[in-house]
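Trainee: Could you walk me through this one before I set anything up?
Mentor: Gladly; let us take it piece by piece.

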Amino acid sequence: MTQVADYVLQRLSEWGVQRVYGYPGDGINGLLGAFDRADGDPEFIQARHEEMAAFMACAHAKFTGEVGCCVATSGPGAVHLLNGLYDAKLDHQPVVAVVGQQKRLSLGTHYQQEIALDQLFADVSEFCQMVVHSGQTRHVIDRAFKTALTTRGVATVIIPNDIQEEEAQPSPPREHGSVFSSVGWSRPRVLPDPDELRKAAGVLNAGGKVAMLVGQGAAKAEAEVIEVAELLGAGVAKALLGREVLPDDLPFVTGPIGLLGSKASDNMIRGCDTLLMIGSSFPYSEWLPEEGQAKGVEIDIDGRMIGIRYPMDAHVVGDSKETLRALIPLLERKKDRGWRKKIEKDVREWNDLCDRWAGEHFGKTINPQSVAAELSSRLPDGAILSADSGSGTNWWARHLKLRDGMRASLSGTLATMGPGTPYAIAARFAYPDRPVIAFVGDGAFQMNGMNEMITVKRYLDRLSGPAPFIFCVFNNQDLNQVTWEQRAMAGDPKYPGSQDIPDVPYAAYAELLGLKGIVCDNPKKVGAAWDEALAAGRPVVLEFKVDAEIAPIPPHIMKEQGKKAVKAALHDPEATGIATKGVRQKLTEYAEHLPGRGKK
């Protein structure tokens with residue numbers, strides 16, 4: 001007898017799913033038996049925690065463009081999925097979650113592990129349905145995939161464990177109420193309204209100082225973004241989710257924007273008279289032009305998101321690539337290239353400043369900026385980069401220069417701790433021959449990343465190989481990003497009771513598991529440590545002992561944040577180090593204007 005669970009996996013395979021990330025439990029016993037019988041088609045990948053499985057599914061969607069898939073047992077296992085699924089929801093990634101439930105007979109009795117899963121997943125899901133009849137299975141699975149792909153969101157399928165073990169009905173009974181669905185979906189062409197497009201061209205042609213901001217929605221439109229930037233004499237800033245849209249070696253790419261952003265991006269935004277946003281929902285208005293400063297044009301495939309970040313003069317709903325192709329013939333090449341030359345000068349000066357910041361160490365502790373800077377020139381072709389949420393994300397965003405063909409992602413909108421490590425693992429499963437490097441803070445690594453090193457151990461034969469696979473851990477024994485946020489946003493000094501974390505031997509832990517562990521605590525040996533890790537031939541935990549007192553200085557300091565930081569420093573346990581190093585870094589920024597330093 002073919003069980004419903006077997007048919008579910010067969011249908012997942014027909015939808016192109018090769019791997020399902022999850023963790024076992026008796027609420028999915030039927031599915032686990034089916035995975036055994038499926039003989040790897042699809043394959044069950046055992047994470048250490050359901051949250052990690054959901055992050056892996058999200059990362060699979062981000063890095064492949066396919067639907068990511070995860071599975072969890074009823075009750076607590078289902079609850080554990082939520083954070084990873086919200087990461088997918090908020091970053092618009094297609095993920096299907098298959099979740100177990102108690103037997104239908106016991107529902108409504110306050111039974112063990114009975115949770116109202118349809119209510120639990122209602123907000124995170126674009127589609128959420130429980131299978132209560134074996135003949136439902138086909139169309140519920142099919143609609144989950146069609147919905148996830150169409151809405152670029154999460155779809156949840158709930159299957160009681162008694163249903164999992166019932167006899168499958170691949171073709172429902174031919175009677176009233178039955179639905180006969182099919183596997184298949186195609187991406188539509190979403191074309192812009194011609195009148196709105198002409199309005200957009202008029203705004204852009206009239207602008208003298210055009211700034212462009214791109215997000216992940218522009219990822220398939222690299223050539224078109226470049227052509228538009230050339231025609232308009234514009235610079236291009238990148239939201240963190242749009243890091244891979246354009247390579248950083250283009251002279252007019254100003255890099256990241258916002259609190260983690262570059263001074264070149266900030267100068268461009270503060271000086272522009274026209275803003276063109278493409279495929280981004282960048283939310284921080286304080287880093288966009290002041291209202292009334294600039295005319296605005298936005299391109300986004302989702303009409304719900306158009307014109308909700310800055311007042312726009314043209315709201316162009318359409319696919320970025322298709323829209324830019326239609327827009328280009330309507331644009332006039334700007335004859336005055338003074339704005340572009342200023343942007344390119346700012347980019348050169350910013351890159352020079354980053355190099356000088358990274359090259360300055362304080363005593364015997366490693367400047368964390370140097371960790372990213374030393375890797376940047378060593379990045380292997382085709383590298384896939386992930387980052388966690390923390391102060392290390394600043395250095396990942398500012399100092400790593402992506403070349404064409406590299407991939408990079410992180411939890412952009414949810415900005416949760418925890419996904420850096422599972423993102424890297426999912427990327428390695430999807431692309432076993434490509435270099436994969438994760439940047440993770442010690443807080444996130446302690447939270448859940450260390451556990452997933454056991455997952456790497458379990459699949460070591462699959463995840464090893466000549467292409468580097470590195471987990472770079474910033475060890476500063478401080479929940480550093482929140483510490484700096486306390487100082488700048490709340491005006492409070494560092495509170496060691498919440499911010500200090502134990503010093504853990506991460507590299508030694510990796511060695512215990514049979515991985516490669518490398519520790520670097522010498523500022524002069526950062527580059528050599530990267531060389532050793534890149535040549536290891538097996539997964540590496542590369543631990544850098546870094547200085548917790550290096551501030552992630554924003555492109556410009558808001559007046560209110562500056563006042564609060566000064567207030568916090570009066571009673572901060574690290575006040576002396578912060579003051580000394582902050583002043584030194586600021587002096588480095590202005591060093592080119594000091595006597596004796598030649599102008600560039």
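Trainee: Is helix α1 mostly covered or mostly uncovered?
Mentor: In this predicted model, helix α1, which spans residues 4–14, is mostly covered, with eight of its eleven residues buried.

Trainee: Which residues of α1 are buried?
Mentor: Those are Val4, Ala5, Asp6, Tyr7, Val8, Leu9, Arg11 and Leu12.

Trainee: And what do the buried residues of α1 pack against?
Mentor: They pack against the strands β1 (19–22), β3 (68–72) and β6 (154–160), and also against the helices α2 (29–38), α6 (137–151) and α7 (161–164). Just after α1, Gly16 takes a positive phi of about 95 degrees.

Trainee: You mentioned strands there, so in what order do β1, β3 and β6 sit in their sheet?
Mentor: They belong to an open sheet of six strands with parallel pairing, in the order β2-β1-β3-β4-β6-β5. The edges are taken by β2 (43–46) and β5 (125–130), each of which pairs on one side only, and neighbouring strands are turned against each other by 25 degrees on average, direction ignored.

Trainee: How many bridges join β5 to β6?
Mentor: Five bridges join these two parallel strands, and Phe127 stands opposite Ala155 in β6. Helix α6 packs on the sheet as well, touching β4, β5 and β6, and its direction makes about 175 degrees with that of β5. Helix α4 (residues 76–90), in turn, lies across β3, β4 (95–101), β5 and β6, running at about 165 degrees to β4.

Trainee: Switching topic, what is the strand order in the sheet that holds β7?
Mentor: That open sheet has six strands, ordered β9-β8-β7-β10-β11-β12, and the pairing is parallel. Because β9 (253–256) and β12 (314–317) stand at the edges with a single partner strand each, one side of each is left without a neighbour in the sheet. The twist averages 15 degrees from one strand to the next.

Trainee: Which residue stands opposite Val236?
Mentor: Val236 faces Val253 in β9, and three bridges join β9 to β8 (residues 235–238), with the two strands running parallel.

Trainee: Last one: at what angle do α3 and α15 pack?
Mentor: Helix α3 (residues 50–64) and helix α15 (residues 420–430) pack at about 55 degrees, with their axes 8 Å apart, and they are therefore oblique to each other. The crossing of α3 and α15 is right-handed.

Trainee: Which residues make that contact?
Mentor: Among them are Met52, Phe55 and Phe63 of α3, and Pro422, Tyr423 and Ile425 of α15. The residues of the contact divide into twelve nonpolar, two polar and one charged.

Notes. Residues are numbered from 1 along each chain as its sequence is written. This is a predicted model: local features need pLDDT of at least 70, side-chain atom pairs count only at pLDDT 80 or more; totals for chains, interfaces and linings use all residues. Side-chain values use heavy atoms; hydrogens and water are left out. Two strands pair if DSSP finds at least two bridges between them. Helices (H or I, at least four residues) and strands (E, at least two) are DSSP runs, numbered from the N terminus. Axes are lines fitted to C-alpha atoms, for helices over the stretch in contact, and angles run from 0 to 180 degrees between N-to-C directions. Angles under 35 degrees count as roughly parallel, over 145 as roughly antiparallel, 65 to 115 as roughly perpendicular and the rest as oblique. A crossing is left-handed if the near helix is turned anticlockwise from the far one by less than a right angle, and right-handed if clockwise. Contact means heavy atoms within 4.5 Å. Ala, Val, Leu, Ile, Met, Phe, Trp, Tyr, Cys and Pro count as nonpolar, Asp, Glu, Lys and Arg as charged, and the others, Gly among them, as polar. Buried means under 20% relative accessible area, exposed over 50%, partly exposed in between (1.4 Å probe, protein chains only).
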